[in-house]
Amino acid sequence: MNDTLKFVVMSDLHLVRNGQTSMTLDTAERFEQAVACLNARYADADFLILAGDLADEGGAEAYERLRDIAAKITIPTFITLGNHDDRPTYLSVFGKDQADETGKVNHVIDAKGYRVIVLDSSEPGRVDGNLTSPQLDWLRVRLAEAADRPVVVVLHHNANALHIESDNIKLLDDTPFIEVLKTHDDIRQVIAGHVHLTSTATHHGIPFTTLAGGHYSVSFNVDQPKTPFKGLSGPAQMAVVLGTAHGTTVLFEDFIDGNTVIGVHNPD
Ligand SMILES: [Fe+2]
């Protein structure tokens, strides 16, 4: 058995009711393409994480579409929520047991010598994100349990500033989150969606990554908060995480990219 951890992160599906589009995009069709790509190329992955903004307006019909399309996924799937989601409606479709003792939709996954922790950073009525005190206490215990193993954390909201306009909707206060992460000395990655943009950073010495996700992508304007950014139809993107004992790699699979293949190279 291959001992390299392999998992996929999708984010920002923004599903809507049948017959509707979001930002002119058929988001259900895009999620169908994501699932087809996953099944064709990553069927050997250990699991999939859906990192929030599952439904554009938090409606039950969107969650039912999510459930129906996700039924085609052949690997274990762990789901958490984003700011566009509605937790009670999500739980009414997927089951109340999806929420844990903190009242939120967190998960802990142990695989291939790693611990992967999925955090629900959504906060009712807010666009920015929040991790509650019970969640941070829960995270501290989950990290202590995995003191001898590398850890990857996945959540919807980016905790680190990207120096673009969307910084005003990042995780509300990253300080207590960082303090808890610092109780573990081998945090390999903190992976988020939310910004509809690919980025990589270190923040307080910890690697942070965002993926563009399945909905529209954005052009960005560094330190120019009054300059409008463009919404782009692609790439629609998932992240592929590969972990060994000594290193953790995040690759980006653009399952809709708008590019034309201009050559095929045989590997030497
Ligand atoms: Fe989103």
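Begin by selecting helix α1, in which the buried residues are T27, A28, R30, F31, A34, V35, C37 and L38. Here "buried" means under 20% relative accessible area, "exposed" means over 50%, and "partly exposed" lies in between, computed with a 1.4 Å probe on protein chains only. Helices (H or I, at least four residues) and strands (E, at least two) are DSSP runs, numbered from the N terminus.

The model is predicted: local features need pLDDT of at least 70, side-chain atom pairs count only at pLDDT 80 or more, and totals for chains, interfaces and linings use all residues. Residues are numbered from 1 along each chain as its sequence is written, and side-chain values use heavy atoms, with hydrogens and water left out.

Helix α1 covers residues 27-41, and its 15 residues reach 21 Å from the first C-alpha to the last, close to the 21 Å expected at 1.5 Å a residue. The expected span is 1.5 Å times one less than the number of residues. Now display what covers the buried residues of α1: this includes β1 (5-10), β2 (47-51), α2 (60-70), β12 and β13. Contact means heavy atoms within 4.5 Å.

Next, select D44, in the loop between α1 and β2. Is D44 buried or exposed? D44 is exposed, with a relative accessible area of 53%.

Select strand β1, where 6 of its 6 residues are buried. In a regular strand the side chains alternate between the two faces of the sheet. In β1, L5, F7 and V9 point one way, whereas K6, V8 and M10 point the other way.

Two strands pair if DSSP finds at least two bridges between them. β1 and β12 run antiparallel and are joined by 5 bridges; V9 stands opposite A239 in β12. β1 and β2 run parallel and are joined by 4 bridges, with V8 opposite L48 in β2.

Keep A239 selected, and look for its bridge partner in β13, which is F252. Strand β12 (residues 236-243) pairs with strand β13 (residues 248-256) in the antiparallel sense over 8 bridges, and the two form a hairpin with 4 residues between them.

**The iron site**

Which residues coordinate the iron ion? They are D12 (OD), H14 (NE2), D53 (OD) and H196 (NE2), at 2.0 to 2.4 Å. Donors are N, O and S atoms within 2.8 Å of the metal (3.2 Å for Na, K and Ca); water is not among the atoms, so sites may look incomplete. Along the chain, the donors follow the spacing D-x1-H-x38-D-x142-H. Both D12 and H14 are buried.

The angles among the 4 donor atoms run from 90 to 173 degrees, and the site is irregular. Four donors count as tetrahedral if all angles lie between 85 and 135 degrees; four count as square planar and six as octahedral if opposite donors are over 155 degrees apart and all others between 65 and 115; anything else is irregular.

**Helix α4**

Move to helix α4 (residues 133-145). At 1.5 Å a residue its 13 residues should span 18 Å, and its end C-alpha atoms are 19 Å apart, which agrees. Colour its buried residues: Q135, L136, W138, L139, R142 and L143. Seen down the axis of α4, these fall within an arc of 160 degrees, so they line one face of the helix. The arc is that of the directions from the helix axis to the C-beta atoms. S133 and A144, on the other side, are exposed. The buried residues of α4 pack against β4 (107-111), β5 (114-119), β6 (151-155), α5 (175-181) and β7 (187-192).

Select F208 in strand β9 (residues 206-210). F208 is buried, with a relative accessible area of 2%, and it touches residues including A159, F177, L181 and V190.

Most residues other than glycine have a negative phi, and most peptide bonds are trans. H204, in the loop between β8 (199-203) and β9, has a positive phi near 55 degrees. K112, in the loop between β4 and β5, has a positive phi of about 50 degrees. Finish at G234 and P235, which are joined by a cis peptide bond with omega about 5 degrees.

Key
Lists of a residue's contacts leave out its neighbours within four places in sequence.
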